[in-house]
Structure formats: structure tokens, C-alpha cells
Amino acid sequence: CTAYRRSLLTGGQRLAVVVARQHGRISLILPMAVARNAGVKTLQWMGLPASQYGDVIVKDPEVSRDLILAALAFAIRETGADMLWVRKVRDDAAISPALQQLGAKAVSESAAPFVDLSSCSTVDDHMRRLSSNARKQSRRRRRRLEEQGKVEFTWYGRGEAAAAAAVKAMRLKRETLGQASRLTAVDACLEDFFASVCRDGAGPVEPAVSVLTLDREPIAYEIGLVHGSYYVAHIGVYDPSLGQHSPGTLQIFETIAACIGQGIRTYDLLAPADNYKMSIANDVMRVCDYALAVSSIGTLYKRSVVDVGVPLLTQLRNQSVRLMRNRIQQS
């Protein structure tokens, strides 16, 4: 929360965190923020754009459903929001049933591929799940990359080394996307956020920044977060000049091997379900954006921006990113 307030709470946003107590003990935390968009007050998740999933924090979702509904209603009323717009809600999120009961509608749907590592003792166990063609391609690409020089993989936990690697990863991501980055959440505030989490963060969520190098020169990065036995692959980037060797995919396999070695049971590739993710994952989780207009101006905003404008911008962004990547690879 401190890192978020320092690095991401910009553009007129303000926190709107609801805390519920029962018998003097905290039983619910609803982490929200209020943003103004074209004069419309939008109640959204606190962690945007860094967070990739949004949820309420409760001890027992089934017992607390009425409490979740009360917290949502309280947040809407006290902030004077025109619209509730909560993005990236997993089907298994504690808040999902309450949102549907409140009348919020899914305005977009995606899927988050993930790898179940619970039955894997080595990365070879995972590789055997893949098709024979995928295994052959992976071996061939690694062999050709190793012909170029020495390939090494390094995993950084919390500290200055992780912070420095995260900054380099974010900058390479922006360079790779070029002008398309203006249409994404990959900007300087995220760079500051991850550097802060890696350097100063404390708590149950651990940063994990990994680097794949060729003759000690970085060719791929991944910024991840670990909570217990759950790993989230937040941001990945690779040197596009080596795209024919698929260093990004090799980076993922190395990270999966490191996860298995640390007893991590789930490697989450996050939404959307891109083809390269689906070729690695063995299951998916449905993820939805939910919206609920609670005023006349909120209704107009939802119909014109959320229902029509955002899908169009997303399509344009994806096309722009694809074109930029193709140009880089061709050059």
C-alpha cells in the first residue's frame, strides 16, 4: 500500500479503503480508489495499473458475502461514485458472487493460463506434458542460442540487485514497445513501483526478478511476485534481436525450473491467454471486468466508454504492439 501510494496514486485518484470489524477484529478489507475520468467518479481497485487481479480480503468468503455486499454499497455511497468498475476479477475471487448479486455485469472476459506444478519434481516433469513438437522446438532453440555463447539464468529476491534488474526490464519493455507503450500501463510509474517493492517492500509477498544472459549480457527478464507456493509472472521482456531463438520462452522454462526447486506449486502467466502462454500452461482461470452504473452520468459513461470505447482502444493497442514487434524483428 505504501509503495502504491508513493508510485501509482496519481492523476487525481484518492484511496477509498473500506475496513470492517466484527467483535473488535478486522474481518474484511476492500482496497479501492476513486478516479475521475471526464468528470465521472469511478470506483476501482486500489492497485491499478500494477495489480493483475482484484479482490476483497476476507477470512471466509461464504460467511462474509453479505458483509462484502455491505462494504461495496458503503464504498459507493460514501465516495459518491457514478460507476463501479472493477477489472481483472477471477472466477474464484471472494468478491465475484457479491458483484453478480449486486447487479454488476461482466463487460469483458479473458482467461489467465497457469501451470500446475504440484506434481512436478523437476522441469522435465513439466516438459513431458508438452507436445513432442514443443519439446523439440525448445531443445533446438536452446541449442542454437548456446552456439552463440554461454547461457546463464539468475533469480534475484528482495534487494538492490532485484531493484536494478527490474528497472532494466521495465526500460527494455518500453523500448521494445516503442510508441505503443503510450497505450499501455508500461510507464515510469510502474518502474518506480517495482523498484520500490524490490528494494523496500516487506510482507508475505516476495519480489522475484530473473534474468537470462548470453555471455553475461541480459537477453530476457521476468518480474514476478511470490506468495507462499504461488508465483505470478507479472512482466516479461526479451531482446527482440534474438527473437528467432525465443529467449522469452527459454526464460519462462528456466523460471519454472526455479519455481519447482523452491516448492512453488502454481506458475501463473496472467491474462490474456496469448498463444505462447497456452503452449506452456496446462489450465486457465476465467477473468472478467465488472461494471455497475449507479448514476445517470455513470450510465452514459458505461455505455459510451466502457462498453464501446475500451474494447476499441484495446484492439487498436494490440494491433499497434504487434506491428511494432514485427518491425523490430524484421529490422
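In this predicted model, the largest nonpolar core has 31 residues, of which Leu30, Leu43, Leu84, Ile95 and Leu99 touch the most other members. A nonpolar core is here a set of buried Ala, Val, Leu, Ile, Met, Phe, Trp, Tyr and Cys residues joined through side-chain atoms within 4.5 Å, and buried means under 20% relative accessible area, exposed over 50%, and partly exposed in between (1.4 Å probe, protein chains only). At least two residues of this core come from each of β1, β2 (25-37), β3 (40-45), α2 (65-79), β5 (83-90), α3 (96-102) and β12 (283-293), and α2 gives the largest share, 6 residues. Helices (H or I, at least four residues) and strands (E, at least two) are DSSP runs numbered from the N terminus. In soluble globular proteins, nonpolar side chains tend to be buried together.

Residues are numbered from 1 along each chain as its sequence is written. Local features need pLDDT of at least 70 and side-chain atom pairs count only at pLDDT 80 or more, while totals for chains, interfaces and linings use all residues, and side-chain values use heavy atoms, with hydrogens and water left out.

| Residue | Contacts |
|---|---|
| Leucine 30 | Ala16, Val17, Val18, Trp45, Val56, Ala71, Leu72, Ala75 and Ile95 |
| Threonine 42 | Ala33, Val34, Ala35, Asn37, Met83, Trp85 and Tyr301 |

Threonine 42 lies in strand β3 and is buried, with a relative accessible area of 0%.

Strands β1 and β2 run antiparallel and are joined by 9 bridges, where two strands pair if DSSP finds at least two bridges between them. Alanine 20 stands opposite leucine 28 in β2, and in the hairpin of these strands, with 2 residues between them, histidine 23 takes a positive phi near 55 degrees.

Valine 19, in strand β1 (residues 14-22), is partly exposed, with a relative accessible area of 38%. Together with Val17 and Ile26, Val19 forms a nonpolar patch on the surface, with about 220 Å² of accessible area in total. Such areas come from the Shrake-Rupley method with a 1.4 Å probe, and for residues only the protein chains shown count as cover.

Key. Patch = residues over 30% accessible without salt bridge, like charges linked within 9 Å, V, L, I, M, F, W, Y side chains within 5 Å. Salt bridge = Lys/Arg side-chain N within 4 Å of Asp/Glu carboxyl O. Contact = heavy atoms within 4.5 Å. Lists of a residue's contacts leave out its neighbours within four places in sequence.
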